[in-house]
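Subject: Structure for you to look at

Hello,

Please find the structure below. My notes on what was found follow it.

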Amino acid sequence: MSDSSGQTGRRSPPKRADARRNEQTLLAAAAAVFVASGVAAPVRDIAAKAGVGMGTIYRHFPTRADLVIAVYRHQVDACADAGPALLASSSTPHAALTQWVDLFVDFLSTKHGLAAALQSDNARFETLHAYFLDRLVPVCAQLLDAAAAAGEIRPDIDAYGLMRGIGNLCVGADGDPRYDARRLVGLLIAGLRQSRPANVAGPA
């Protein structure tokens, strides 16, 4: 029996890793569909995007709330991980900040409809909101600090306040095709630039 248990123990980790990869594939597909269509998008659309049957999704996420929560956390983690990676790979800290904010706007689109989806379980929503703040505010602060240290933006920008402002701009896009939240967010980020007074030469 001990031999059998040992064999099972050796086989289990690859299965768990494979299950995690499958779940990540489903979450990425669901996130893309939610960005395009909101959290009320049909499960069949998510299954088609992931290239799996609907039964596979229900095995991983028995309810829509389970799926929405998992996508939310998945997107928070992806957005948090992207911050340091962008700082390391971008030409300037401001460029990294601009790209990260673009990802954050995508995330906010995914988040659209979350409160309604979890209306019957406010405690779970509050836990997710705390997770969102704990993971993303420090990343935004790191990007802002780097851009400020490089002299690219004003040094007095608060990460939480900026993220709240971006969120408010994104809320305005709900149901109005004439409203371009991404463009306005881009103007906001461009407006963080440090003003550099021109060196005006005196009269000759």
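How are helix 8 and helix 9 oriented to each other? They are roughly antiparallel, because the angle between them is about 155 degrees and the classes are: under 35 degrees roughly parallel, over 145 roughly antiparallel, 65 to 115 roughly perpendicular, and the rest oblique.

Before the details, a word on the source. This is a predicted model, in which local features need pLDDT of at least 70 and side-chain atom pairs count only at pLDDT 80 or more, while totals for chains, interfaces and linings use all residues. Residues are numbered from 1 along each chain as its sequence is written, and side-chain values use heavy atoms, with hydrogens and water left out.

Helices 8 and 9

Helix 8 covers residues 159-171 and helix 9 covers residues 181-190 (helices are DSSP runs of H or I with at least four residues, numbered from the N terminus). Their axes are 9 Å apart; axes are lines fitted to C-alpha atoms over the stretch in contact, and angles run from 0 to 180 degrees between N-to-C directions. The crossing of helix 8 and helix 9 is right-handed, that is, the near helix is turned clockwise from the far one by less than a right angle. Leu-162, Ile-166, Leu-169 and Cys-170 of helix 8 make the contact with Ala-181, Leu-184, Val-185, Leu-188 and Ile-189 of helix 9 (contact means heavy atoms within 4.5 Å). By class, this contact has nine nonpolar, no polar and no charged residues; Ala, Val, Leu, Ile, Met, Phe, Trp, Tyr, Cys and Pro count as nonpolar, Asp, Glu, Lys and Arg as charged, and the others, Gly among them, as polar.

Helix 5 and helix 9 cross at roughly 150 degrees, and their axes come within 11 Å. This pair is therefore roughly antiparallel, and the crossing is right-handed. In helix 5, His-94, Leu-97, Thr-98, Val-101, Asp-102, Val-105 and Asp-106 meet Arg-182, Val-185 and Ile-189 in helix 9. Those residues divide into five nonpolar, two polar and three charged.

Helix 5 packs with helix 8 at an angle of about 50 degrees, the axes being 10 Å apart, so the two are oblique to each other. Trp-100, Val-101, Phe-104, Val-105 and Leu-108 of helix 5 make the contact with Met-163, Ile-166, Gly-167 and Cys-170 of helix 8. Eight of these residues are nonpolar, one is polar and none is charged.

The cavity

What is the volume of the largest cavity? About 40 Å³. Its lining is Val-39, Val-68, Val-71, Tyr-72, Phe-107, Thr-110, Lys-111 and Leu-114. A cavity here is a set of points on a 1 Å grid over the protein atoms alone where a 1.4 Å probe fits but cannot get out, and lining residues have an atom within 4 Å of a point.

Regards

Technical notes. 1 Å grid on protein atoms, 1.4 Å probe; cavity = no way out; pocket = protein on both sides within 12 Å on 5 of 7 lines; lining within 4 Å. Points joined across faces, edges and corners; volume = space filled by probe spheres on them.
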